[in-house]
Amino acid sequence: MSVTASGTMIEVAELKRVCWLEVHGKFDTRKLTPGILYQVTFIVMLKDPAQGWELPVNVRLTLPGGKKQQHKEKLMENLMARWIEIPVGEFVASEKDVGEMEISLFEYEGGMWKQGLVIKGVAIKPKN
């Protein structure tokens, strides 16, 4: 559990200690408004004692139809003790290309033990 700035209790996922990090979620794009540009982000923070984040993590957005957007993000540079949105990708919702999209965050090539990552969730919102 975590407390937001407004005092609301929310449930979060906290990474205790792993060597292989893999987080995946799915969302049905039919729930979105066609023609709108959406931005997808993971909402995360690093909590002490955070360790094992020297290597960047991979974030990936897989859209219906198989198109992928993937890049690496360094977590240690700006995440300590505050929520931050890690951009995953952007897309325009379509009436034709609908179905489930997959949102992923992973790192398993470095072999380092990791701890301290807290995941609040994924945001899918119109980009201004």
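## The open sheet

Four strands, in the order β3-β10-β5-β8, make up an open sheet with antiparallel pairing. At its edges are β3 (13–14) and β8 (84–92), each of which pairs on one side only. Strands here are DSSP runs of E with at least two residues, numbered from the N terminus, and two strands pair if DSSP finds at least two bridges between them. In general, strands of a sheet pair through backbone hydrogen bonds.

β3 pairs with strand β10 (residues 115–126) over two bridges, in the antiparallel sense. Glu 14 stands opposite Val 118 in β10.

## Basis of the model

This is a predicted model, in which local features need pLDDT of at least 70 and side-chain atom pairs count only at pLDDT 80 or more, while totals for chains, interfaces and linings use all residues. Residues are numbered from 1 along each chain as its sequence is written, and side-chain values use heavy atoms, with hydrogens and water left out.

## A cis peptide bond

Asp 48 and Pro 49 are joined by a cis peptide bond, with omega at about 0°. Most peptide bonds are trans. Pro 49 lies in strand β5 (residues 37–51).

## Thr 62

Thr 62 is in strand β6 (residues 57–62). Thr 62 counts as buried because its relative accessibility is 15%; buried means under 20% relative accessible area, with a 1.4 Å probe and protein chains only.

Leaving aside neighbours within four places in sequence, Thr 62 is in contact (heavy atoms within 4.5 Å) with Lys 67, Lys 68, Glu 100, Met 101 and Glu 102.

Key:
Buried < 20%, exposed > 50% of the residue type's maximum accessible area, 1.4 Å probe, protein only.
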